[in-house]
Amino acid sequence: MGKRETEQFFKPKENPFTEDQRGHTTLLFGGLTWKHEKLIHAALERLSYRCEVVPTPNVAAFQLGKEFGNNGQCNPTYFTVGNLVQFLQELEKKGMAKQEIIDSYVFLTAGACGPCRFGMYEAEYRLALRNSGFDGFRVLLFQQSGGLSQGEAKAGLEMNLDFFLGILNAMNMGDLINDVVYQIRPYEVHKGEADRVLDECMDLLAEGIKKSRPYQLEGKLASFLQKFPKAGDTAGYIGKFLNQLYGDEYTSALREVRRRLNAVEVDRTRVKPLVKVTGEFWAQTTEGDGNFNMFKFLEREGAQVMVEPVGTWINYMIHQARNKIADRKGVEEAIEAPPAWRLDKVLAYNWKHKNRIVKLSLAEAIFKREWNRLREALNYIPHDLADQRELERLAHSFYNSRAAGGEGHLEVAKNIYYCTKHISHMVLSLKPFGCMPSTQSDGAQSAVVAHFKDMIFLPIETSGEGEINAHSRVQMALGEAKVKAKAEFEKVMKEVGYSMDEIRSYVDDHPELKGGMYRVPHSEGIIGTAANFVIHVASLMKSERRSRLAVA
Ligand code: SF4
C-alpha cells in the first residue's frame with residue numbers, strides 16, 4: 001500500500017487591515033435583526049468607518065455554505081458563511097474583480113474559543129472563502145471573551161472604548177425597539193402602520209447617532225491635560241463613562257420614538273396567545289429563512305411574539321464569567337494559590353479574587369442600569385432582562401449551569417421562567433440542525449415538560465429545508481396556546497363584571513388607551529395582553545364610578 005502524502009494545516013497568514021486602508025475599505029457585518037444592524041451601522045459610521053450590512057441570510061446562502069464549507073457543521077454556520085460568499089459573488093457579478101473585492105472589504109464577526117462550533121466560525125469563513133476563490137479575504141474577530149481593547153485588528157479597526165460603547169448602545173436600542181414593535185404590531189388597527197412608523201423611527205435614531213460625536217474632553221481642561229498624557233487618557237476614559245451614565249443623547253432620541261409609536265392606534269382587546277421565542281442565539285434572532293421566517297409566520301397565525309434580546313446573552317456571559325472565577329478559586333492555572341501559613345499572601349490572594357468578582361458584578365449592574373434607562377425612555381414597554389441568578393436557579397437541577405456552549409442552561413431556564421412566572425402561553429425553541437448544546441438541552445427539556453404539567457413547549461429544529469413541516473408543528477402547538485389564551489380571557493371577563501361592549505365604549509371615550517406606547521400593568525398570574533388590558537380598563541372604570549359616587 002502506497003504512503004499517502006499528508007500536509008499539516010496552518011492557519012493562513014492574514015492580510016492586515018491597517019489604519020491607512022480605512023478610507024477605502026468597507027467593513028461588512030450582519031447576523032442580527034435589521035434594527036440592530038441599522039443602528040450598529042450608524043455607530044460605525046459615527047466613528048468614520050465605511051461599512052455595509054450583509055443581507056439577512058436566505059436559503060440560497062445556506063446552499064452556498066454547504067457547497068463551499070465543511071461537512072457536518074451546524075445550521076447557522078452554513079447560513080452565515082454562505083451568506084458572506086453570496087454577498088461577495090454579487091459584488092463580482094456587478095463587475096468588481098476578485099482582487100479588488102479582497103482589497104476593498106473586510107468582514108467583522110463575533111468569535112469565541114468554543115466549546116461548541118462557534119469556536120470554528122473563523123476557520124469556517126476562511127475555508128469557504130478559499131474554496132469559493134476569495135482566498136486572502138480578511139475576517140476580523142470580535143472576541144466574545146475579549147476586553148475593552150482587542151489588539152489583533154487594532155491598526156485598521158480600533159476596538160477602543162468608543163467602539164465598544166457605540167456597539168453596545170446600538171445593540172441595546174435595537175433590542176428594545178425590536179421588543180416594542182413586536183408588542184404593537186399584532187394589535188395595530190391600521191394594517192402596516194406599526195412598520196411604517198418603525199421605519200421612520202429607525203431613520204431618526206440612525207441619523208441622530210451618525211451626526212453625534214463620541215465624547216471628548218474639551219476646553220481648558222483638555223489643553224491642560226495634554227501636558228500629562230497618562231492623566232489625560234484616564235480623564236478621557238472617566239469622561240466617556242460619565243457621559244454614558246448620565247448623558248441624554250440616546251434617551252432623548254428614544255423619547256421621540258415613544259411619541260411617534262404612541263400615535264399607532266392599537267386594539268388590545270384582541271385575544272392572542274403570547275409566544276416566547278427562545279433557542280440558539282442566531283436561530284432565535286434572525287428574521288429570515290434561517291428560522292423558517294418564524295416571527296412572521298407566528299404573527300400571521302394570530303400570535304403575539306415575545307422576542308429574545310441580545311442583552312440576555314451579554315448578561316449571561318458576565319454571569320458565567322463571574323461563576324467561573326468563583327468556582328475555580330485556588331485551582332486556576334495562571335494564579336497559584338499561596339500556602340495557608342502565608343497569611344499576608346492569602347489575604348492578598350483573597351482580595352484579588354473578590355476584586356475580580358466585584359468588577360464583574362459592577363459591570364452587570366451598569367449594564368442593567370443602562371438598559372433600564374433606555375426602557376424608561378420607552379415608557380417601560382420593553383420587557384425587563386431576566387435575572388441571571390434566577391435563571392440559573394430554575395435550570396440547574398435539569399441542566400448543569402456550568403455546562404457551557406451555545407445558550408448553555410438558558411434554553412431550559414427560559415422555558416421554566418416564562419411558563420412559571422406567567423409571562424407567555426407557550427415557549428417555542430428554535431434549535432439549529434447540528435447544534436450540539438441545543439441537542440443536549442433537548443434531552444433535558446423532556447424532564448422539564450414532564451415536571452411542569454401546564455407547560456406548552458415546542459422545540460423546532462431549524463435547517464435549510466423542512467419549512468412546511470416546521471410550520472405545521474408550530475400550528476398544532478399554537479392551537480393549544482390559543483385555547484389557553486381564550487380560556488384565560490373568558491375567566492377574566494367573568495371576574496371583571498363588565499361586558500365587552502362596556503369595555504370598548506370606555507376605551508373609545510379614553511383614546512389614550514389606544515396609544516401604541518400606553519403601558520398596561522401586568523396583573524399577577526395573568527399572561528395575555530387582552531386579559532391584562534381588560535382588567536386594567538375595568539379597574540379604571542370602577543375607580544371612575546367610585547369618584548362619581550363620592551362627588552354625588
Ligand atoms: S450554539 Fe449550536 S448552532 Fe450555535 S454555533 Fe454553537 S453549535 Fe452552532
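Predicted model: local features only at pLDDT ≥ 70, side-chain atom pairs only at ≥ 80, totals over all residues.
**Entry 1: salt bridges**

I began with a network of salt bridges that links Glu193, Arg196, Glu200, Glu256, Arg259 and Arg260. How many salt bridges does the structure hold? I found 39.

I then picked out single pairs. Arginine 373 forms a salt bridge with glutamate 370. Their closest N and O atoms are 3.3 Å apart. Where do the two sit? Both are in helix α14, residues 343-377. They are three residues apart there, so about one helical turn separates them. I also checked the cover on glutamate 370. Its relative accessibility is 7%, and buried means under 20%, so glutamate 370 counts as buried.

My next pair was glutamate 390 and arginine 393, which form a salt bridge. Here the closest N and O atoms are 2.9 Å apart. These residues belong to helix α15. Because they are three residues apart in that helix, about one helical turn lies between them. Arginine 393 has 56%, so I wrote it down as exposed.

Glutamate 407 forms a salt bridge with lysine 414. The closest N and O atoms of this pair are 2.9 Å apart. Both glutamate 407 and lysine 414 are buried.

**Entry 2: around the ligand**

Which residues surround the ligand? I listed Cys74, Pro76, Cys116, Arg117, Phe118, Tyr121, Glu280, Gly406, Pro432, Cys435, Met436 and Pro437. I sorted this shell by class. Nine residues are nonpolar, one is polar and two are charged. I also asked which domains supply the shell. At least three residues come from domain 1 (19-159), and at least three from domain 3 (274-475).

Tyr121 is one of the residues around the ligand, and helix α5 covers residues 121-131. How enclosed is α5? Eight of its 11 residues are buried, so the rest of the structure largely encloses this helix. I wrote out the buried ones: Tyr121, Glu122, Glu124, Tyr125, Arg126, Leu127, Ala128 and Leu129. After α5 comes glycine 133, with a positive phi near 90°.

I compared its place with that of glycine 405. Glycine 405 sits in the loop between α15 (388-395) and α16 (410-420). Its relative accessible area is 6%, so glycine 405 is buried.

**Entry 3: a surface patch**

Next I turned to the surface. Which residues make the nonpolar patch of about 530 Å²? They are Tyr237, Ile238, Phe241, Leu242 and Tyr246. Tyrosine 246 is in helix α9, residues 229-246. It has a relative accessible area of 61%, and exposed means over 50%, so tyrosine 246 is exposed.

**Entry 4: positive phi without glycine**

I looked for positive phi values in other residue types. Serine 48 is not a glycine, but its phi is positive at about 70°. I found serine 48 in the loop between α1 (34-46) and β2 (50-53). Its relative accessibility is 57%, so serine 48 counts as exposed.

Asparagine 379 is another case. Its phi is positive, near 60°, and it is a residue other than glycine. Asparagine 379 lies in the loop between α14 and α15.

**Entry 5: two distances**

What separates phenylalanine 457 from cysteine 419? In sequence it is 38 residues, and in space it is 9.0 Å, C-alpha to C-alpha. Phenylalanine 457 is in strand β8, residues 457-462. I noted it as buried, because its relative accessible area is 14%.

With a relative accessible area of 52%, histidine 451 is exposed. Histidine 451 and aspartate 203 are 248 residues apart along the chain. Their C-alpha atoms are separated by 47 Å.

Terms used. Residues numbered from 1 in each chain as written. Heavy atoms only, no water. Patch = residues over 30% accessible without salt bridge, like charges linked within 9 Å, V, L, I, M, F, W, Y side chains within 5 Å. Areas by Shrake-Rupley, 256 points an atom, 1.4 Å probe, with all protein chains shown as cover. Salt bridge = Lys/Arg side-chain N within 4 Å of Asp/Glu carboxyl O. Helix = DSSP H or I, 4+ residues; strand = E, 2+ residues; numbered from the N terminus. Buried < 20%, exposed > 50% of the residue type's maximum accessible area, 1.4 Å probe, protein only. Near = heavy atom within 4 Å. Nonpolar A, V, L, I, M, F, W, Y, C, P; charged D, E, K, R; others polar. Domains from an automatic or database assignment.
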